[in-house]
Structure formats: C-alpha cells, structure tokens
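Subject: Structure handover

Hello,

Here is the structure we spoke about. Please open it alongside this email, then read on for what turned up.

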Amino acid sequence: MIDIQLLRKDLDGVAQRLAARKFELDTQTFSHLESERKIVQSRTEELQAKRNQLAKAIGMKKGQGQDASAEMTESAAVNAELHQLTEKLTVLQSQLNDFLMSIPNLPDTSVPHGKSDADNQEVLRWGTVPRFDFPIKDHVDIATALGLDFDSATKITGSRFVVMRGQVARLHRALIQLMLDMHTAKGYTELYVPYIVNAESMRGTGQLPKFEADLFKVPRRVGGDDQDAASDASYENFYLIPTAEVPVTNLMRNTITTAEDLPQRFVAHTPCFRSEAGSYGRDTRGMIRQHQFEKVELVHISKPEDSMAALEQLTQDAEEVLKVLELPYRKVLLCTGDMGFGSTKTYDLEVWLPAQDAYREISSCSNMGDFQARRMQARYKQGQAKPELVHTLNGSGLAVGRTGVAILENYQQADGSVKVPKALQKYMGGIEVLAPST
C-alpha cells in the first residue's frame, strides 16, 4: 500500500496521480477519517497525560497520609473515557488501513500516461516473424495429434484445464528445466515453495482484498467439534497461489535484512491457479487462458535506489529465454491506464503467435517499489540506521504454457510436425522434431 503520509501531505496531488491510472481517490472519505483520527488521538494523548498527573498526585497524597479519594474518582473517569477512545481509535485506524488497502500503487514518473493498452509504448522488437507457404494452424489443431488433450481434462475437472501426453508433456517439462537452468546460472537462488498460502500472504502482495473473486479459496477447518462444522468461525481461508510471486515475496514478510545481503534474487517453478472471474469468453480456446498453468517466476528484493536498474535486469533475464528459443517478441512499457494494481512500472513481453497474427503477453515484469514491502513490513538495515522498506520486483521468466504455444505455432511444419528449438533439444533427449502419431 502507499504511504499514508503522502495522503496527509498532498491529498489532491496523490488523487491526480491516481486519476492517471483510472482510479478515483475518495478524498472526502479519507479527510473525514483522518479528521476523526486526529481529534480522537489528540484527546487520547490529553487523557493519558492527565492520568499520569493524577497517578503522581494520588501517590504523593497517599505517601503523606492524605485523602486522595477525589483524585481517584477523577482518575476512574479518565480511565473510562480513555478506554472508550482507545477502542474508537483502533476502529478508525482499522478503517484507514482498509482504505489504504484499496488504493493502487502510484505510477513512476517515467511511466507514459494513457487510458488503455492502445497507449502502451513499444520499446523494441526482436526476431523475425516466420512466414509460411501453407495454411497456418493454431496450437490446438497442431498439438492435439501430439498429445494435447482438453476432453480428458474437462471430464476430470472442467473447462479451461488440460491434460498433456507424450511429446507435448515432455516439451512442457523441457521448457521448465531450460528456464530454471538459465536463471540459476545467472545467480538466482532456486526455491521450492508451498502452492497454498494463508490470507496474510495474499494481503502482503496485494491480491487481497481487491482480487479475491479471481482466486481459488480453500477453506480449512481449524478447530471445534462436529457440531461446529457448519459455522464459519471454525474455518480459516487458505488460497491456491495465482503466481509464485506470492509465497516467494512473502519470505521477506516481517523480516529485517542487512543492506549487505541485498539484492536477493529468487527463481521458482510452480503451478498457478486463477479463477479469473469475469473473463469468460476471452481466450477460452486452448492454453492461452487456463485456470491452472505453470510459470517460472523471478523475484528481486532490492534497495530503493537500485530497484529501477533491477527492473531492467529482471526483464532482460526473461527476454533472454525468448532469444535462446528464437521466438520473435516485442517489449512494451505499460501506460498508467494499463498497469497492474501494485506496480509502479511494468514491462510486458509479448511473443508472436502466427495463428493470431499478433503479439501476445508471455511475461509481465514489474517494479512494485515499497508498495508490497509496506504491507509485509519487509525491511533492510544499513549499519546503525533506522530500518527502511525494501523494494520488491517480480516477473515471469517465462509462462511455460504460453511458451509452449509459441513454439508449436512458430515452429510448425506443413506435414503437421513441429521443429524443436536447438536450445531445447538437449532437454528433449536429442529429439529434433515432434511428429504426429501415425
């Protein structure tokens, strides 16, 4: 979340910056809550000082054998009012915190202004878009004969899941291994993390409370007997991870790292689960938009002054996978109107998909600034200085399923086979071509 001091110092200025990303800040609600907080907090401090004075007076009178009943009566009244105000202050601070939780991150000054993805800025294009002298097929038509099985997945679970068999399953595994090897060779620490997290972890990286409808919730019974089974109070909500960003970044929650231990760079391969409420009808064919998919995720933890350079490096590391696989792509700087909730600056990498005659997102690399760190209280310490918030960054390096889709479509042949990119062949046991079963 953003720093509340920014709202206290320049509420209108923050509102204008947020308006650039299509968010209307409720300045009236904040002003009302903040005014109430000031009044209650000021009165609380007055009463605390009065209570201390009365305690000293009572002590002195009792020590001198004098009657302190008047002071004790007044002290009881002060304590009663103080108790009420303390409870009210707790409620107000909770309301202010909830208010802050709903506000997206402020865009960096280097982010272009715009209303939609049409206003994003293309930074570069790499690679040569393939030309075909035969009718282009999409990845579903190509890979069905190679082991892509949506019907079985629908029977087992439902729509927007997939079963992979044989050659396609091996291609998928090979891509994961290639990506992990590339990133660990560059100094990333490989992690294995839980695929289920608690609500605090989701709040820490910004998925809660705003995006709860897009998550797969896993209620877990935490106590009580059989008679309590129907009670909500006997359950705690856990969540399937929508991205490895959540468990990996939350490793830093409630920790203080030394400056000498920064930056930290992590890589993790995990499945990702997204219910994507409201997205039905978009990209529902094939593997472009699935409820369960795989990613190799990159996470950087950096000092504030180094985070923009870290974003460039993280993005380049993701780009390198596309280059090694010789997949044409473009790099796009997102405008204010197309940025994610927690990002202060984002690059999207979009790979070329011949069947769609378009570039499609395969990685989103974002600098979150101190937005997540403030929620998580993830800090670092330089010598004897006061701890400061770290900056967190994340990006896909890459989305495995979409990388497979790009290979199937860009490397397709007229006879229905698919060439295996050279960099991937050693992970495929030397296989150079995926051929349909005869």
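Which residues in helix 7 meet helix 12, and which residues in helix 12 do they meet? From helix 7 come Leu171, His172, Leu175, Ile176 and Met179. On the side of helix 12 they meet Val400, Gly401, Thr403, Gly404, Ile407 and Leu408. Bear in mind that this is a predicted model.

The spacing of such contacts has a simple background. An α-helix has 3.6 residues a turn, so residues three or four places apart point the same way.

**Helix 7 and helix 12**

Helix 12 spans residues 400-410. Its axis and that of helix 7 come within 10 Å. They cross at roughly 115°. Helix 7 passes helix 12 in a right-handed crossing.

How many residues of helix 12 are buried? Eleven of the eleven are, so helix 12 is largely enclosed by the rest of the structure. Among them are the charged residues Arg402 and Glu409. Val405, Ala406 and Asn410 are also on the buried list.

**Helix 7 and helix 10**

Helix 7 covers residues 166-185, and helix 10 covers residues 307-324. Their axes lie 11 Å apart. The packing angle is about 130°. The two helices are therefore oblique to each other. Here too, helix 7 makes a right-handed crossing.

The contacts from helix 7 are Met179, Met182 and His183. In helix 10 they meet Asp317, Ala318, Glu320, Val321 and Val324. Note Met179: it meets helix 10, and it is also listed against helix 12.

**Aromatic rings**

There are seven aromatic pairs. One of them is Phe211 with Phe341. Their ring centres are 5.7 Å apart and their planes stand at 85°, so the pair is edge-to-face; the cut-off for that is over 60 degrees.

Where in the chain do Phe211 and Phe341 sit? Phe211 is in the loop between helix 8 (199-205) and strand 6 (217-221). Phe341 is in the loop between strand 11 (329-333) and strand 12 (345-353). The pair links distant parts of the chain, 130 residues apart.

Phe211 is partly exposed, at 28% relative accessible area. Phe341 counts as buried, at 9%.

**Charges over rings**

Two cases are worth a look on screen. Arg265 lies over the face of Tyr188, 4.6 Å from the ring centre. Lys331 lies over the face of Tyr347, at 4.4 Å from the ring centre.

Best wishes

How values were computed. Residues are numbered from 1 along each chain as its sequence is written. This is a predicted model: local features need pLDDT of at least 70, side-chain atom pairs count only at pLDDT 80 or more; totals for chains, interfaces and linings use all residues. Side-chain values use heavy atoms; hydrogens and water are left out. Rings of Phe, Tyr and Trp (its six-membered ring) pair if their centres lie within 6.5 Å; planes under 30 degrees apart count as stacked, over 60 as edge-to-face and the rest as tilted. Helices (H or I, at least four residues) and strands (E, at least two) are DSSP runs, numbered from the N terminus. Buried means under 20% relative accessible area, exposed over 50%, partly exposed in between (1.4 Å probe, protein chains only). A charge sits over a ring if NZ of Lys or CZ of Arg is within 6 Å of the ring centre and within 35 degrees of the ring normal. Axes are lines fitted to C-alpha atoms, for helices over the stretch in contact, and angles run from 0 to 180 degrees between N-to-C directions. Angles under 35 degrees count as roughly parallel, over 145 as roughly antiparallel, 65 to 115 as roughly perpendicular and the rest as oblique. A crossing is left-handed if the near helix is turned anticlockwise from the far one by less than a right angle, and right-handed if clockwise. Contact means heavy atoms within 4.5 Å.
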